[in-house]
Amino acid sequence: MTPSGALRAVGRPALETLAAMGRITLFAASVLGHILRPPFYPREFFVQLLQIGWLSLPVVGLTTLFTGGALALQIYSGGARFNAESVVPSIVAIGMVRELGPVLGGLMVAARVASSIAAELGTMKVTEQIDALTTLSTNPMKYLAVPRVLAATLAVPVLVGVGDAIGIMGGWLVGITRLDFNSATYLRNTIDFLEAWDVGSGLVKGAAFGFIVAIMGCYHGMTSGRGAQGVGRATKSAVVAASIMILAANYILTEVFFTS
Amino acid sequence: MIELLGVTKTFGSNRVLRGVDLTIPKGSSMVIIGGSGTGKSVLLKSILGLVVHDAGLISLDGEDVRKAERDAFLARFGMLFQGGALFDSLRVWENVAFRLMRGPTKRPNAEAREIAIEKLRRVGLGPKVADMFPAELSGGMQKRVGLARAIAAEPEIIFFDEPTTGLDPIMAGVINELIREIVVEMGATAMTITHDMSSVRAIADQVAMLHEGTIKWSGTVAEMDATSDPYVDQFIHGRATGPINPVR
């Protein structure tokens, strides 16, 4: 490959990525612009709240339950190397609420919700339902994107909060059944070492991740290509982009919240 | 009256519309014919603003459609989409009454439902259908529901995009008759795009042929049958040989 060919091979995808980031940013700005301006669609918002929040609860709950249990085992096993087994409750709690609850909750919601939104809106696009909305004097951004983005931004922090509690419970269950912890002591250690901002930062992360998930689902769905292949590609792109952006946003938010 | 002057639209290197000039008089039924991929749907969507044309002028009653107030402009239109484009998550009556339940002319749900059932009856569907979901309906029933939705708010202008595609000849005939009856009854301006000649004969006052991005010919149905234009002649008789290359 010639030097100019190599440069082109690197440059073209880089430019395409930058262009896509620009389009997604404009899309997100447009959604935010529509949130405060009428008309509002409360029915669609509550339907999405149910779809995104309530129906994601089993997935998020099971994920955090098993993660909390595994985390307790890992910390106990690692802590035993320097006689620090007693830190299990506090580390499980801090690890869950600051990091694992929001990140794993966000990723599970990305897998479940971003794919579902992208597939639904992509299908609506290829079957001209989005055009039909426009001809019926209904702005698709307001009717389709705003309720989903708003619902995800509000529902995911609640899911993270519930997931945190379930994850800590997973650690507690393993602690008292497998690691010989006293139940009351475990719970006291959990509460004593946990600060309000540990929980608050996780909830803020949850809101950011919910926003990312819905924006990615809506953007990729509403810009889906033609046919089954186009919808399939949109769905895949939505999940991949949402997952990567959640991990990147998590790093940035952790820097902002805990390193100053 | 809808007027198009020198309308062009290009997608990448594909010049779909290359200067379309067309006039659709108020209250008339214009049918645009032409092969697949000749830009008929793009033309229709350009008028509605679903596709933004590159150059030229599209006006409705003398006003440039790009400068018109969007909601007021779209409120004058009804559209039947090729595949129906019914909203899967809504019941049939909610699809039909969609416009009536939102926006400045919003009506109470009970009244909107009554109007929807009346419009469904107008297109030959019983009240039982009202509470079904679109996925439970056959293709022909979906087209009828789409038609009911297009006329629900009694628009001045109705667009029909391939209204008989995918239907058997009997159902296609039923839809053609319904379209003709409704357009006459409402006194609406209608624009239909199709390559189904039975639709053309049933629906059209005026016919225009779109080929290679321009209007190649226009006239009445009788003039269409009598014309010696080789493009029209080949198209309406479905000949494989002639000036239109069948492989595009």
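Predicted model: local features only at pLDDT ≥ 70, side-chain atom pairs only at ≥ 80, totals over all residues.
In which sense, right-handed or left-handed, does α3(A) pass α6(A) in their crossing?

**View 1. Crossing of helices α3 and α6 in chain A.** The crossing of α3(A) with α6(A) is right-handed. The axes of the two helices cross at roughly 40° and come within 7 Å. Two packed helices are described by the angle between their axes and the distance between the axes. On the α3(A) side, the residues that meet α6(A) include L57(A), V60(A), G61(A), T64(A), G68(A) and L71(A). On the α6(A) side, L159(A), V162(A), G163(A), I166(A), G167(A) and G170(A) are among the residues taking part. By class, the residues of this contact comprise 14 nonpolar and 10 polar residues, with no charged ones.

**View 2. Helix α3 of chain A and its buried residues.** Helix α3(A) covers residues 57-79, 23 residues in total. From first to last C-alpha it reaches 32 Å, close to the 33 Å expected at 1.5 Å a residue. The buried residues of α3(A) include V60(A), T63(A), T67(A), G69(A), A72(A), I75(A) and Y76(A). Packing partners of the buried residues of α3(A) are α4 (88-126) and α6 (140-178) of chain A.

**View 3. Chain A as a helical chain.** Chain A contains nine helices and zero strands. Along the principal axes, its C-alpha atoms fill a box of roughly 65 × 60 × 35 Å. Of its 260 residues, 45% count as buried. Among contacts in chain A with a separation of 6 or more, 87% are between residues 24 or more positions apart.

**View 4. Two local sites in chain A.** P38(A) and P39(A) are joined by a cis peptide bond, with omega about 5°. P39(A) is placed in the loop between α1 (3-35) and α2 (42-53) of chain A. S237(A) lies 9.4 Å from A114(A), C-alpha to C-alpha, although the two are 123 residues apart in sequence. S237(A) counts as partly exposed because 19 other C-beta atoms lie within 10 Å, whereas a buried residue needs 20 or more.

**View 5. The six-stranded sheet of chain B.** The strands of this open sheet follow the order β6-β7-β8-β3-β9-β10 (chain B), with mixed pairing. Strands β6 and β10 of chain B stand at the edges with a single partner strand each, so one side of each has no neighbour in the sheet. On average, neighbouring strands are turned by 15° against each other, direction ignored. Strand β3 (residues 29-33) of chain B is paired with β9(B) in the parallel sense over four bridges. In this pair, I33(B) has M209(B) of β9(B) as its bridge partner. Helix α9 (residues 230-237) of chain B lies across β3, β9 and β10 of chain B and runs at about 100° to β9(B).

View 6. β6(B) runs parallel to strand β7 (residues 157-161) of chain B, and four bridges join the two. L80(B) stands opposite F160(B) of β7(B). In a regular strand the side chains alternate between the two faces of the sheet. In β6(B), both faces are covered: F77(B) and M79(B) on one side, and G78(B) and L80(B) on the other, are all buried.

**View 7. Contact between chains A and B.** Chain B contributes 15 residues to the contact, and chain A contributes 11 residues. Within chain B, α2 (70-74) and β6 (77-80) each supply at least two residues of the side that touches chain A. That side of chain B consists of 10 nonpolar, two polar and three charged residues.

**View 8. Two glutamates of chain B with positive phi.** E162(B) has phi near 45°, a positive value in a residue other than glycine. E162(B) is located in the loop between β7 and α6 (169-186) of chain B. With 21 other C-beta atoms within 10 Å, E162(B) is buried. E212(B), likewise not a glycine, has a positive phi of about 50°. E212(B) is located in the loop between β9 (206-211) and β10 (214-220) of chain B. E212(B) counts as partly exposed because it has 17 C-beta neighbours inside 10 Å.

Note on methods. Residues numbered from 1 in each chain as written. Chains lettered and ligands numbered in written order. Contact = placed C-beta atoms within 7 Å. Nonpolar A, V, L, I, M, F, W, Y, C, P; charged D, E, K, R; others polar. Buried ≥ 20, exposed ≤ 12 C-beta atoms within 10 Å, placed from the backbone. Expected span 1.5 Å × (residues − 1). Pairing = 2+ DSSP bridges. Axes fitted to C-alpha atoms, helices over the stretch in contact; angles between N-to-C directions. Left-handed = near helix turned anticlockwise from the far one by under 90°.
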